[in-house]
Amino acid sequence: MPRPSVREQLVEAAMECFHERGFNGTGIQDIARTAGVPKGSVYNHFDSKEALAAEVMDRYAVSRKMEMLRDETLAPVPRIRAHFEYLAADLERFSFERGCMFGNFGMELSNQSAMIRGKVDTGLRLWTSAVTEVLEEARAEGVLATALTPDQLGRFLVNAWGGAVLRAKVAGSRAPLDGFFEVFDSLVA
């Protein structure tokens, strides 16, 4: 009888470890121990720690609930705000200690790994595009409060969110996120 695959356990464990300790602060043994499998199991499923991290980045992007931005049961502006509020609640759930893996990996690995830099860039581009599409809906409905184009505002919101998340992680407080929402409300609502 073939042995069951532990790939999913490894990806989940790696996401947990990388989010808590970063890529360089996490060893293969840490991931295997968290997954409850022998260390060699990691290399049975992934060519390298970097390949495992690339899979984690793909999964992380999905966990950011981008589908909320396509939920047309909400008007565009409340939909975008609800998405960012979901992200804020997720950060708060971990006492602001983890931050955003796009930002964490982007800062930690951009100069070390072209593969991870590409995954982070792709994730951020897809997110920005999704936010921009909703802003375009808001503009078409005449409810966008700013003269900025949806593309400019979409890029600004994603970039500003990244900065607010970094500050929240450093401060261990929601205050920087609340500052983001104050500017969001003045620009978008």
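Helices (H or I, at least four residues) and strands (E, at least two) were taken as DSSP runs and numbered from the N terminus. On this basis the chain follows the pattern α-α-α-α-α-α-α-α-α along the sequence, with nine helices and zero strands. The structure is a predicted model, in which local features need pLDDT of at least 70 and side-chain atom pairs count only at pLDDT 80 or more, while totals for chains, interfaces and linings use all residues. Residues are numbered from 1 along each chain as its sequence is written, and side-chain values use heavy atoms, with hydrogens and water left out.

The C-alpha atoms fill a box of roughly 60 × 35 × 30 Å along the principal axes. Of the 189 residues, 43% count as buried (under 20% relative accessible area, with exposed over 50% and partly exposed in between; 1.4 Å probe, protein chains only). The accessible surface, computed by the Shrake-Rupley method with a 1.4 Å probe, comes to about 9700 Å², and carbon and sulfur atoms supply 53% of that area. With contact defined as heavy atoms within 4.5 Å, residues 24 or more positions apart account for 65% of the contacts with a separation of 6 or more.

Aromatic pairs were assigned to rings of Phe, Tyr and Trp (its six-membered ring) with centres within 6.5 Å; planes under 30 degrees apart count as stacked, over 60 as edge-to-face and the rest as tilted. The count by this rule is 13 aromatic pairs. One of the aromatic pairs, Phe23 with Phe105, is edge-to-face, at 6.3 Å centre to centre and 85 degrees between the planes. Phe23 lies in the loop between α1 (7-21) and α2 (28-35) and Phe105 in helix α6 (residues 101-109), so this pair ties together parts that are 82 residues apart in sequence. Both Phe23 and Phe105 are buried. Trp161 and Phe181 also form an edge-to-face pair, with 6.0 Å between centres and 65 degrees between planes. This pair links helix α8 (residues 150-171), which holds Trp161, to helix α9 (residues 175-187), which holds Phe181, across 20 residues. Trp161 and Phe181 are both buried.

A charge was taken to sit over a ring if NZ of Lys or CZ of Arg is within 6 Å of the ring centre and within 35 degrees of the ring normal. The charged end of Lys49 sits over the ring of Phe23, 4.3 Å from its centre. Likewise, the charged end of Arg98 sits over the ring of Phe94, at 3.8 Å from the ring centre.
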